[in-house]
Amino acid sequence: MKYVKATAVLPERLIVEIQKYVQGETLYIPKPEKTHRKWGTRSGSREQLDNRNATIRSAFKGGRTIHALAEEHFLSVETIKKIVYSK
């Protein structure tokens, strides 16, 4: 996370108002909800995991066992159960 000096980006009157509540401490200002992205959407990791999970669900419905899927995908039995029994 990159730190930005408040005096470089905020008007002085806003800084004075903020100083009524916090002085000399680090303050995190979150992004608006509408600009928040889910984990992995930017890198493509989310899509890869969704595709892997769909493949696992399909194989399970096709008759593959949980233990076989765990070995094939290098995941624990509990992780496979979470994937195949979730929505």
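Author: A helix here is a DSSP run of H or I that spans at least four residues, and helices are numbered from the N terminus. K81 lies in such a run, helix α5. The model is predicted.

Reader: What makes α3 and α5 roughly perpendicular to each other?

Author: The axes of helix α3 (residues 45–61) and helix α5 (residues 77–85) meet at an angle of about 85° and are 9 Å apart. Angles of 65 to 115 degrees count as roughly perpendicular, and α3 and α5 are therefore given that description.

Reader: Which residues of α3 and α5 make the contact?

Author: From α3 come R52, N53, I56, R57 and F60, and from α5 come I80, I83, V84 and Y85. By class, the residues of this contact divide into six nonpolar, one polar and two charged.

Reader: How many aromatic pairs does the structure hold, and why is the pair of F60 and Y85 called edge-to-face?

Author: The structure holds one aromatic pair. The ring centres of F60 and Y85 are 5.8 Å apart, and the cut-off for pairing is 6.5 Å. The ring planes stand at 85°. Planes over 60 degrees apart count as edge-to-face, so the pair of F60 and Y85 is edge-to-face.

Reader: What parts does this pair tie together?

Author: F60 belongs to helix α3 and Y85 to helix α5, so the pair ties together parts that are 25 residues apart in sequence.

Reader: How do you know whether F60 and Y85 are buried or exposed?

Author: Exposed means over 50% relative accessible area, buried means under 20%, and partly exposed is in between. F60, with 26%, is therefore partly exposed. Y85, at 57% relative accessibility, counts as exposed.

Reader: What makes the meeting of K20 and E17 a salt bridge?

Author: The closest N and O atoms of K20 and E17 are 3.1 Å apart. The rule asks for a side-chain nitrogen of Lys or Arg within 4 Å of a carboxyl oxygen of Asp or Glu, and K20 and E17 form a salt bridge. K20 is exposed at 57% relative accessible area, whereas E17 is partly exposed at 34%.

Reader: How many salt bridges does this rule give?

Author: The count comes to four salt bridges. Among them is that of D50 with R46, at 3.3 Å from N to O. D50 and R46 both lie in helix α3, four residues apart, about one turn of the helix. D50 is partly exposed at 40%, and R46 is partly exposed at 28%. E72 and R64 also meet in a salt bridge, at 2.8 Å from N to O. E72 has a relative accessible area of 40% and is partly exposed; R64, with 36%, is partly exposed as well.

Reader: Where is F74 placed, and what is its phi?

Author: F74 sits in the loop between α4 (66–73) and α5. Its phi is positive, about 55°, although F74 is not a glycine. Most residues other than glycine have a negative phi. At 76% relative accessible area, F74 is exposed.

Reader: Returning to K81, why is it called partly exposed, and how far apart are K81 and I66 in space?

Author: K81 has a relative accessible area of 32%. The value falls between the cut-offs of 20% and 50%, so K81 is partly exposed. K81 and I66 are 7.0 Å apart in space, C-alpha to C-alpha, and 15 residues apart in sequence.

Terms used
Residues are numbered from 1 along each chain as its sequence is written. This is a predicted model: local features need pLDDT of at least 70, side-chain atom pairs count only at pLDDT 80 or more; totals for chains, interfaces and linings use all residues. Side-chain values use heavy atoms; hydrogens and water are left out. Axes are lines fitted to C-alpha atoms, for helices over the stretch in contact, and angles run from 0 to 180 degrees between N-to-C directions. Helices (H or I, at least four residues) and strands (E, at least two) are DSSP runs, numbered from the N terminus. Angles under 35 degrees count as roughly parallel, over 145 as roughly antiparallel, 65 to 115 as roughly perpendicular and the rest as oblique. Contact means heavy atoms within 4.5 Å. Ala, Val, Leu, Ile, Met, Phe, Trp, Tyr, Cys and Pro count as nonpolar, Asp, Glu, Lys and Arg as charged, and the others, Gly among them, as polar. Rings of Phe, Tyr and Trp (its six-membered ring) pair if their centres lie within 6.5 Å; planes under 30 degrees apart count as stacked, over 60 as edge-to-face and the rest as tilted. Buried means under 20% relative accessible area, exposed over 50%, partly exposed in between (1.4 Å probe, protein chains only).
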